[in-house]
Amino acid sequence: MAIASSIPLVFSVQRCKPELVAPTKPTPHEHKLLSDIDDQAALRFQVPFIQFYEYNPSMQGKDPAEVIREALANALVFYYPFAGRLREGPNGKLIVDCTGEGVMFIKADADVTLEQFGNALHPPFPCFDELLYDVPDSERMLNCPLLLIQVTRLKCGSFIFAIRFNHVICDGIGLKQFMSTISEMARGATSCFISPIWERHLLDAGDPPRVIFYHHEYDEVEPTAISWPLDNLVQRSFFFGPVEVSTLRSLLPLHLCHCTTKFELLTACLWRCRTIALNLNPNEKVRMLCTGNLRSKFNPSLPLGYYGNVIVFPAAITTVRNLLHNPLGYTVELVKQAKASMTKEYAKSVAALMVLRAKQLNFTKIVGSFVVSDLTKIGFEDIDFGWGKAVFAGAAKAVGVISFFVSTKSTKGEVGTSVPICLPAPAMERFEKELDNMLKGHLLGF
């Protein structure tokens, strides 16, 4: 169900001048190659995350912004590539120039309390642009800081930690590993519990590169396909607790009821609603891409501490007509098939495609693509800078066609999953109407 918003929360934020935080000790000045999985057009974007922390009386007198800033500088000694800059090498391949210049850091104060955000924290957040200030020209791929961090102190003693990271340098699990190191050092550690491992060659294409799967996620699209971004975009979040999940599960045939995960069910539901909302041509092909973490698929295993991208985006593909004329079970089966292709061999095939194809399709720019990423099992909420675990942690909003599953609670205290969606305003109205019908046990189509 859509998460209702009452009177919009408005507050002001006073920011200090953005500064570069560099490693506290000298670090190697070298060039590091990204893997062929890292270095793809579809990952050349920034992702914002946000974490809320309650006031802790035992930390009285300590400034969270200063504690985190100092811990960040210490952590960068071990994760020094984050303090570097991306350069473009031969054939457009990105290289990390480990310059030690540092990451962008902002200290801020807001005249608002944590309680005023409400007891059901969920994206999108009010005044988010104030909680993670977009420093001019900081979002470019080349020659810019790879991380932007803002710590905003609230007048109740709570604080908000917001971070924006360049996706080519790491995935969500890699980011969590780095943030865990910052939190450990904020609590007094002097070394990493898990040492960072670069070794990006492990995710390179083979020699010779061999494409052994058909990768629909990188298909060339029809010239008539609509490109992102669209006008008049709005963000809303939708909550799925036990009641909502049970209702949606009742729309499945018996043979799928007990073998379908919540992720598969919600992804199928959202893909269908989004497709209806966009009013696309019935003959147009639409794609659902689920982000898959492949760390468990490698044998021998990747080294503990590897923080590069170990993800693929296997796609389910069908026409608008087929998606909407068939029951929900049809969509669930497509999602299951896409998930089943997540293997080490699939990743090597993707890497080979990136090497062999001169022009890479950026599927994040195609309206008919819907990308979903499940963050509920990564554990961002466990990151503790000394004030305790986060009361909310996860993606701050949908990023274009990409939606993230994040763990949240409803206003009634129910534990569930929130999914932020980004659509043009008229499409969002149609999306909400279709989802409401499904949550009443009705499945509509054309």
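Helix α8 (residues 328-340) lies across β11 (285-290) and β14, at about 145° to β14; contact here means heavy atoms within 4.5 Å, and angles run from 0 to 180 degrees between N-to-C directions, with axes fitted to C-alpha atoms, for helices over the stretch in contact. Helices (H or I, at least four residues) and strands (E, at least two) are DSSP runs, numbered from the N terminus. The model is a predicted one, so local features need pLDDT of at least 70 and side-chain atom pairs count only at pLDDT 80 or more, while totals for chains, interfaces and linings use all residues. Residues are numbered from 1 along each chain as its sequence is written, and side-chain values use heavy atoms, leaving out hydrogens and water.

Now for the sheet. Six strands make up an open, mixed sheet in the order β10-β18-β17-β15-β11-β14, where strands pair if DSSP finds at least two bridges between them. At the edges stand β10 (233-240) and β14 (315-319), each with a single partner strand, so one side of each has no neighbour in the sheet. From one strand to the next, the twist averages 25°. Strand β15 (residues 369-374) runs parallel to β17, joined by four bridges, and V371 sits opposite I402 in β17.

Elsewhere, helix α4 (residues 242-249) packs against helix α6 (residues 262-278) at an angle of about 75°, their axes 10 Å apart. The two, α4 and α6, are therefore roughly perpendicular, a label covering 65 to 115 degrees (under 35 is roughly parallel, over 145 roughly antiparallel, the rest oblique). V245, L248 and R249 in α4 meet K262, L265, L266 and C269 in α6.
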